[in-house]
Amino acid sequence: MNALDVLVCVKRVPDSTSELVLTEDGQGVDGRFAGFTMSQHEQCAVEIAVQVAAATGGAASVLTLGDGDAVEQLRAALAVGCTAATHVVADSQQLGPADVAREIAAVVRAHEADGRPHDLVLLGHDAADTGDFQVGIRLAYELGRPVVNGVTVVSVEDGVLTASGDGPDGHETYRVPLPAVVTVLEGGVEPRYPTVPGRMKAKKVPVEERGLAGTPAGAARVRWSLPPAAPSDVQVLGKGPEAAPAVVDLLEQLGVLAR
Amino acid sequence: MILVLVEKDLAGDAVEVSLETLTFARSLSEAGGGVPIDAVVVGDVPPALRSELASYGVRGVHALTGPAFDAFAGAAWASGIETVLATTRSVVVTAAGTPRGGEVLAHVAARAGVPMAANVLSFGGLSPFVVTRQVVGGQALEEMQLAGRPAVFTVAGHAVEAAPAAAAGPAEVHEHSPEVAEADLVARVVSTDEPEPDLSGGLTSARVVVGAGRGAGSADGFADLLELADLLDAPLGVSRVVTSLGWRPHHEQVGQTGSRISPDLYIPCGISGAIQHWAGCSSAKAILAINTDADAPMVTRATHAVIGDLHEVVPAINAEIRRRRTG
Amino acid sequence: MAEVPATADVVVIGAGIVGNSLVHHLTRLGWRNVVQIDKGPLPNPGGSTGHASNFIFTVDHSREITDLTLDSVRQYQEMGVFTQSGGFEIARTPERMEELRRRMSSARAWGIEAELVSPEFVKDKVPFIETDQFIGAFWTPGVGVVDSLRAGTIMRERALATGELTVVPTVEVVGLDTEEGPHGRRRITRVRTTGGDIETGTVVIAAGVWSPKLGDMAGISIPLTPAVHQMISVGPCPQLAEKEGEISFPIVRDMDTFCYERQHGADMEVGSYAHRAILHEPEDIPSIDQAKLSPTELPFTSDDFDPQLEQAYELMPELLGAEGAEMRYAINGLLSLTCDGNPILGESEVAGLWTAAAVWIKEGPGVGRAVAEWMTEGHSEIDLHHSDIARFHQHQKRREHTRLRTTESFIKTYGIIHPGEQYESDRDQRLSPMHASQQKLGAVFFETAGWERPFWYESNAGLLEQYGDAVMPREHEWDSRWWSPIINAEHLRMREAAAVIDLSAFCIFDITGPGALDTVQRTCVAQCDVAVGKVVYTPVLDAKGGFRSDLTVMRLGEDHFRVVTGGAHGMADRAWFAGHLPDDEATTLTDLTDDVSTIGIWGPRARDILASLTSDDVSDAGFGFLTCREVDVRGTTVLASRISYVGELGWELYVPMESAADLWEALLEAGAPHGAVPAGIGVYGTTGRIEKGYRAYGAELDSERTIVEAGMQRPKVKVADFVGKEAYLAQREAAPAAVLCTLTVDDHTSASGMKRYMLGGEPILTADGRTLTDGHGHHPYVTSAGSAPSLGKHVLLAYLPPEEAVLGNQLAVSYMEELYPVTVGSVDATPLLDPDNERIR
């Protein structure tokens with residue numbers, strides 16, 4: 001089997017698992033409380049990249065586009081098994097999805113020109129912040145490659161990629177020749193945590209830094225806001241443990257208590 | 001022309017979110033002075049579908065047929081839409097914000113070299129065309145200028161309620177069997193299996209689900225919740241943060257990226273209720289939220305609530321259930 | 001869930017380890033109608049307690065912190081939440097090994113079992129440690145881990161069981177209302193919360209990192225800063241997983257990398273104090289909903305931790321690199337830091353508003369008990385003066401000061417800190433009018449309460465040659481760090497001729513009005529109803545007869561007293577006197593510290609020098625010892641007080657700030673022909689007083705010591721009532737449990753041949769090295785150490801068991817784990833130098 005070269009693309013995003021705080025300029029999420037991360041889709045994509053690379057004796061590289069702090073996400077991917085990293089230094093806020101796709105494509109082409117073609121490019125299904133749902137597909141057109149979108153399981157055998165995920169009618173499988181682009185949905189693999197030696201190794205990997213290849217068209221963003229609270233007609237049964245009898249009354253009333 | 005990609009379910013009916021999208025398109029049409037609305041459907045258009053689409057104000061239904069459309073391929077569907085676009089001179093192409101809708105429209109936009117807005121909730125001005133869409137899994141909104149023609153966007157689920165047009169005319173079906181380039185068929189579904197056996201412990205079919213969120217506090221904080229689940233013979237469902245912190249396995253996740261549940265009663269405990277979670281539990285018939293924060297979205301959207309710490313409330317409920325059973 | 005009550009006798013804000021301990025001890029001590037609120041849920045409301053590492057190393061160089069820690073351990077043990085694991089502090093460098101020897105001194109002094117051990121000894125107990133990474137270790141078998149959340153619940157439940165506590169979680173304080181009380185002092189009246197208002201006269205802020213925000217609501221400063229302490233958890237490690245229970249291996253503190261490794265079941269927690277100081281503002285702490293984990297578990301910044309990770313890996317490669325061991329939990333945990341590293345306890349300037357903040361898990365229950373005692377009795381069993389909120393001078397209450405100092409001191413959490421070590425940041429806050437002149441003289445400045453005080457003057461370096469070996473030079477770098485033989489040269493010149501000493505840091509306040517006499521009589525032990533113009537030196541006691549202070553009082557008029565006290569403790573003294581003013585508004589306390597400078601002149605030629613500058617009578621007959629009066633010095637009216645803390649003839653001269661520089665120059669100029677030199681605080685605070693056996697507050701004197709033990713009792717006790725009188729009278733009737741003695745070191749030669757000089761804090765043992773124990777069960781240690789150049793001796797002060805307090809008794813002092821012979825030279829306040837005090841006349 002040919003050793004595969006896999007590139008996985010990740011984005012530094014504010015963690016959004018807690019109550020959201022927007023930046024003062026309304027252009028994004030303020031991550032200072034909850035911190036920054038990559039989306040769970042991308043964590044799964046990294047895991048798949050590492051697994052696929054390992055299964056074929058190949059290597060997984062990671063790429064990000066972002067400001068200087070985005071190196072943290074590169075290191076996170078390096079710590080769990082990626083062995084090379086590319087940082088396109090840019091203010092990701094100023095780039096739209098088409099810009100990002102073009103920039104990734106530029107890196108892929110440049111690497112190819114350097115004799116390091118990426119057989120498989122993995123992305124998360126969508127960025128956890130901007131939720132554009134299109135970078136992977138645009139990248140495929142930039143590269144003239146097929147793209148499989150929104151899958152959870154990926155494997156490669158004899159240069160053919162098999163990918164599958166849940167579709168509207170059942171579990172769907174794609175079989176695509178390489179090179180290809182795949183966007184990953186979380187749920188098919190359990191992303192691993194870094195180990196201490198992994199983290200130390202990650203620290204020593206040199207990061208390839210690149211500037212933007214083109215002039216960004218931008219994200220056409222006007223501003224962000226928080227959605228208004230939905231009207232409520234909740235019936236409060238009580239406060240604290242004293243509410244227990246009222247709760248059990250409700251369970252009886254709904255007929256879910258019988259056994 | 002506003003072109004709407006309409007998805008069908010296995011029975012051949014339009015899915016609810018596509019009808020919502022048509023309703024959305026109609027309001028856009030009205031704002032634009034009555035721009036006609038056409039629909040694109042992949043495969044046959046049964047008479048029932050045709051009249052339903054007509055009732056939603058669709059004038060022309062474009063059916064994409066032929067072997068290229070037997071199995072799903074995002075690029076092929078986009079290629080088909082391109083054919084329709086060429087004949088209709090549409091200024092807007094839209095679809096529901098489903099996995100299919102989003103994927104196909106992303107292909108359309110990429111091929112046309114225009115932007116795409118995902119998960120639009122509403123539109124502001126037409127010129128420039130300004131839309132408001134969901135970002136951060138629906139936790140925030142983005143106002144965005146959608147330049148480029150056609151304007152390509154998907155409509156978020158539940159952005160509007162599906163409603164037939166007040167005065168609807170008949171709809172005409174136009175069949176298209178375009179040539180699809182080989183390259184557009186490379187990435188296509190080669191097999192579709194029955195959904196995998198339910199790993200979620202019966203979450204999707206359960207009558208009662210006990211939910212747990214960050215309020216559990218730690219991986220060790222689930223004992224009382226599991227006891228409640230056991231007493232109610234209910235599976236445990238958890239929020240995304242719980243799986244992302246590694247407190248519980250992923251298959252227990254309820255939400256946009258986990259299982260979608262529709263029990264008679266959902267009991268979310270210590271879950272604040274981000275949109276991402278709501279997307280997975282909004283079909284529950286009744287929701288009993290247990291939360292310290294009376295203003296948490298989960299509480300305000302619930303039918304019933306107890307305000308308090310789950311670590312105090314849940315043991316009391318467990319004790320009360322046991323008491324009534326033995327008493 | 002309880003509703004917020006409308007009234008309370010006391011409201012405790014916070015349900016972390018401190019708040020929970022407080023409600024337990026308050027109800028135990030009889031408080032009723034106690035309300036505890038927290039904005040978070042129980043049992044973990046999201047503060048620092050919730051993510052604490054929960055291990056306790058008992059040995060600290062501070063006796064106050066050690067006592068609080070030992071008391072906490074006892075409480076944790078009683079609650080059954082303490083698991084003894086033992087703990088190692090390992091040394092990678094010879095400097096650290098020396099520090100561990102010093103730590104042994106503290107362990108012996110505080111009576112804590114400890115031992116210096118080899119790497120092999122460590123490996124025997126921690127098999128996965130690499131012995132080639134370190135050269136030795138300090139082993140404390142009594143180290144353990146606690147379940148602080150469980151302890152909090154137990155204490156809260158005990159308080160609830162009394163029926164006097166109402167606990168209301170998830171309620172946030174939105175305001176603290178105060179009203180004007182007597183003497184313009186505000187008092188607390190109400191706590192406003194999101195659940196309703198509580199009328200109350202007593203509030204305790206035990207809100208950890210949020211405390212400053214709450215303080216602001218009442219207009220008081222609680223100068224702590226939330227700071228990040230990073231930790232990660234690595235696991236599961238098979239070496240740990242095979243053992244049952246949470247902890248089966250001793251905790252390892254890797255002192256030189258500022259890290260620790262602490263087992264948590266199958267995981268190894270690695271914590272660090274090595275990274276840059278990452279400080280936050282209390283207002284910037286996220287809410288419970290905004291935080292991913294909890295408000296005090298902030299996103300981990302891995303770059304800051306990477307160097308420590310590498311060092312931890314070097315130390316335990318097999319464990320941390322084990323197959324399957326992953327980093328699953330990593331946080332930037334918030335904890336509270338203060339400018340001097342001590343907690344912030346006690347009643348604030350707002351009456352009834354107390355604080356108990358900046359407390360670590362190891363001190364939590366002890367602090368709860370001590371503050372509850374303080375609130376109930378007016379004093380605590382454990383002396384808390386280093387932690388008193390009243391200690392902060394205005395400049396120390398600024399957030400900027402806290403920020404700068406904690407930035408500087410963060411790395412010292414595991415650092416090697418010399419007892420004389422000075423801060424570099426935020427200096428020059430309070431400068432005496434003589435500062436510029438002193439700079440020209442090459443003054444080396446040490447800081448006290450923000451004041452820059454010359455410790456010695458390089459301009460006196462020329463005296464070294466003159467005095468030769470009499471300046472007692474020190475060979476060892478550690479002994480001579482933050483020290484200079486010039487101090488001893490200045491001392492000798494003072495005894496020979498005279499010295500001029502800047503004492504601007506003195507805290508000075510006047511008490512005037514119809515209740516003035518009553519106020520000083522009630523606060524001071526000595527008779528203050530003396531003739532106008534008399535100077536009184538007096539202890540100040542708390543109700544249980546422990547020292548609050550010692551200071552001088554001048555009677556300047558029938559209804560006018562001036563109190564002069566040390567700068568370091570002056571803020572607390574002022575608060576103490578202010579707290580004892582009668583309610584009548586005519587009696588007032590006025591702080592003159594910033595208006596009046598003090599310059600001392602002492603030595604056999606002092607009178608000649610002063611006489612050359614004034615036409616007033618300064619003869620012994622005309623200006624007797626312990627009297628004060630105004631004199632005209634070259635046209636400036638100066639209040640002169642004939643008193644001495646260095647055992648020489650001379651005066652303290654109180655002069656308006658604006659005239660002080662002129663007086664300083666005049667004294668130096670007039671003194672020069674007499675051989676006078678400027679001398680620093682090294683003379684005033686150590687060499688001068690130690691030769692005379694004069695006691696210092698904070699060293700020999702604190703609230704755990706009595707007048708009788710300190711050997712300071714007078715033949716009679718005044719008739720007038722005063723705070724602590726009853727206790728003092730009882731102390732006089734009983735045999736003392738310890739006796740303050742002066743000892744001299746007989747031989748300084750160490751095993752290496754180098755002469756070593758103790759700096760204070762060292763244990764006193766029998767001549768052959770056995771432990772001594774006094775009547776309190778305490779072990780003697782050196783409270784002050786310093787050169788006595790006029791005696792040619794190094795002198796130590798220590799409280800000895802009464803049976804050892806025998807003149808000529810031969811004992812030993814342990815310094816850096818070597819014994820040096822010492823002899824008891826005085827068993828009461830009798831000075832070694834000039835026992836009949838002839839020089840003072």
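**Note on the predicted three-chain model**

1. In chain C, four strands form an open sheet in the order E1-E13-E12-E11, with mixed pairing; strands here, like helices, are DSSP runs numbered from the N terminus (E, at least two residues, for strands; H or I, at least four residues, for helices), and two strands pair if DSSP finds at least two bridges between them. Strand E1 (7–8) and strand E11 (173–180) of chain C are the edge strands, and because each has a single partner strand, one side of each is left without a neighbour in the sheet. E1(C) runs parallel to strand E13 (residues 196–200) of chain C, to which 2 bridges join it, and Ala8(C) has Thr200(C) as its bridge partner in E13(C).

2. A word on conventions: this is a predicted model, in which local features need pLDDT of at least 70 and side-chain atom pairs count only at pLDDT 80 or more, while totals for chains, interfaces and linings use all residues. Residues are numbered from 1 along each chain as its sequence is written, and chains are lettered from A and ligands numbered from 1 in the order in which they are written.

3. Which residues touch the most other members of the largest nonpolar core? Of its 263 residues, these are Ile13(C), Ala356(C), Ile601(C) and Leu796(C); such a core is a set of buried Ala, Val, Leu, Ile, Met, Phe, Trp, Tyr and Cys residues joined through C-beta atoms within 7 Å, where buried requires 20 or more other C-beta atoms within 10 Å of a residue's own, exposed means 12 or fewer, partly exposed lies in between, and C-beta atoms are placed from the backbone. Strand E20 (residues 326–338) of chain C supplies the largest share of this core, 7 residues, and the core draws at least three residues from each of domain 1 (81–145 + 226–333) and domain 2 (735–841) of chain C. In soluble globular proteins, nonpolar side chains tend to be buried together.

4. Leaving aside residues up to four places away in sequence, Ile13(C) touches Ile37(C), Val173(C), Val203(C), Val204(C), Ile205(C), Ala206(C), Ala207(C) and Leu214(C); two residues are in contact if their C-beta atoms, placed from the backbone, lie within 7 Å. A second, separate core has 141 residues, among them Ala219(A), Phe24(B), Leu49(B) and Ala76(B).

5. The two domains of chain C, whose bounds come from an automatic or database domain assignment, have centres that 38 Å separate, taken over C-alpha atoms. Even so, 10 residues of domain 1 of chain C are in contact with 10 residues of domain 2 of chain C. On the domain 1 side, helix H3 (residues 94–110) of chain C gives the largest share, 8 residues, and the classes on that side come to 3 nonpolar, 3 polar and 4 charged residues, with Ala, Val, Leu, Ile, Met, Phe, Trp, Tyr, Cys and Pro counted as nonpolar, Asp, Glu, Lys and Arg as charged, and the others, Gly among them, as polar.

6. Ala611(C) belongs to helix H18 (residues 606–611) of chain C. Is this residue buried or partly exposed? Ala611(C) is partly exposed, because 14 other C-beta atoms lie within 10 Å. Val633(C) is 22 residues away from Ala611(C) in sequence, and their C-alpha atoms are 9.1 Å apart in space.

7. Chain A has 6 helices and 14 strands, and of its 259 residues 55% count as buried. Its C-alpha trace spans about 70 × 45 × 40 Å along the principal axes. Among the contacts in chain A with a separation of 6 or more, residues 24 or more positions apart account for 71%.

8. Strand E8 (residues 153–157) of chain A has Val154(A) and Val156(A) on its covered face, and Val153(A), Ser155(A) and Glu157(A) on its uncovered one. E8(A) pairs with strand E9 (residues 160–167) of chain A in the antiparallel sense over 5 bridges, and Ser164(A) in E9(A) is the bridge partner of Val153(A). The hairpin of these strands has 2 residues between them, and in it Asp158(A) takes a positive phi near 50 degrees.

9. Helix H1 (residues 16–31) of chain B has 16 residues and reaches 23 Å from its first C-alpha to its last, close to the 22 Å expected at 1.5 Å a residue, the expected span being 1.5 Å times one less than the number of residues. The buried residues of H1(B), including Leu19(B), Leu22(B) and Phe24(B), pack against several strands of chain B, among them strand E1 (2–6) and strand E5 (116–126). After H1(B) comes Gly33(B), with a positive phi near 85 degrees.
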